[in-house]
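User: Hi! Could you walk me through this protein model, one question at a time?

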Amino acid sequence: MTATVLAAWIGACSGVGSLLWNVYTKLTSGPKLRVTAFAGMVMMPPPPNNPNFLKMTVQNVGTAPTTLTNLSLHTYGSRWAKFKNRATVNAVLNHYQGAQLPHKLEVGAEWSGLMEHDEKFNGWLGSETLWFAVHHSFSKKPTQVRIFNPVLSAPKHR
């Protein structure tokens, strides 16, 4: 193998490697949201009537800031409906405790909020799988997570 052929192979391999690295950094850069939602939370000391709350947390673990624009709740009739984003319930959260939206979320920052349960929310929570979605300025699709309900997840005692 001559030096020219070897240099050509090294150039070709490093070019392909550089291309793959550029594709990887393009796909992984930008804001990434880590979202959690827990239902059935209580405050201590409790406010009047001892209500339950939905605790929502959004963290930006990506490489760029973003602006949170909207919060919503969704239920889906099937996995296929979720895949196709065809919700049976679409509800926008507009009454909650926490920084109001739109809210700029810097890299490494966290937003959190509380929403008091009402009868309709409790009905959705008890009968179907409920999803919490965060819409932000860098994405066409919201970041969705299942709402964790400790009442339904608790082991049954005999």
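Analyst: Happy to! Helices (H or I, at least four residues) and strands (E, at least two) are DSSP runs, numbered from the N terminus. This is a predicted model, in which local features need pLDDT of at least 70 and side-chain atom pairs count only at pLDDT 80 or more, while totals for chains, interfaces and linings use all residues. Residues are numbered from 1 along each chain as its sequence is written, and side-chain values use heavy atoms, with hydrogens and water left out.

User: Where is N50 found?

Analyst: N50 has a positive phi of about 45° although it is not a glycine. Its relative accessible area of 46% makes N50 partly exposed, because buried means under 20%, exposed over 50%, and partly exposed in between (1.4 Å probe, protein chains only). As for its place in the chain, N50 is found in the loop between β1 and β2.

User: Is N49 buried or exposed?

Analyst: N49 is also found in the loop between β1 and β2. N49 is not a glycine, yet its phi is positive at about 70°. With a relative accessibility of 78%, N49 counts as exposed.

User: Which peptide bond ending at P45 is cis?

Analyst: P45 lies in the loop between β1 and β2. Omega is near -5° for the cis bond, and that bond runs from M44 to P45.

User: What is omega for the peptide bond that joins L101 and P102?

Analyst: P102 lies in the loop between β5 and β6 (103-105). The bond joining L101 and P102 is cis, with omega at about 5°.

User: In what order do the four strands form the open sheet?

Analyst: Two strands pair if DSSP finds at least two bridges between them. Here β2 and β7 (residues 110-116) pair in the antiparallel sense over seven bridges, and L54 has M115 as its bridge partner in β7. The pairing in the sheet is antiparallel, and the order is β1-β2-β7-β5. Its edge strands, each pairing on one side only, are β1 (33-41) and β5 (97-98).

User: What is the relative accessible area of N60, and is N60 buried or exposed?

Analyst: N60 is found in strand β2 (residues 53-60). Leaving aside neighbours within four places in sequence, N60 is in contact (heavy atoms within 4.5 Å) with residues including P31, L33, T66, L105 and A109. N60 has a relative accessible area of 1%, so it is buried.

User: How far is the backbone nitrogen of G62 from a polar atom of the side chain of N60?

Analyst: A polar contact is a pair of N or O atoms within 3.5 Å; within protein, one must be able to donate a hydrogen and the other to accept it, and residues adjacent in sequence count only if both atoms are side-chain atoms. For the G62 backbone nitrogen and the N60 side chain, the distance is 3.0 Å.

User: Is L6 buried, exposed or partly exposed?

Analyst: L6 lies in helix α1 (residues 3-28). The relative accessibility of L6 is 44%, so L6 counts as partly exposed.

User: What separates the C-alpha atoms of C13 and P142?

Analyst: C13 is found in helix α1 and is exposed, with a relative accessible area of 51%. C13 and P142 are 129 residues apart along the chain, and the separation of their C-alpha atoms is 38 Å.
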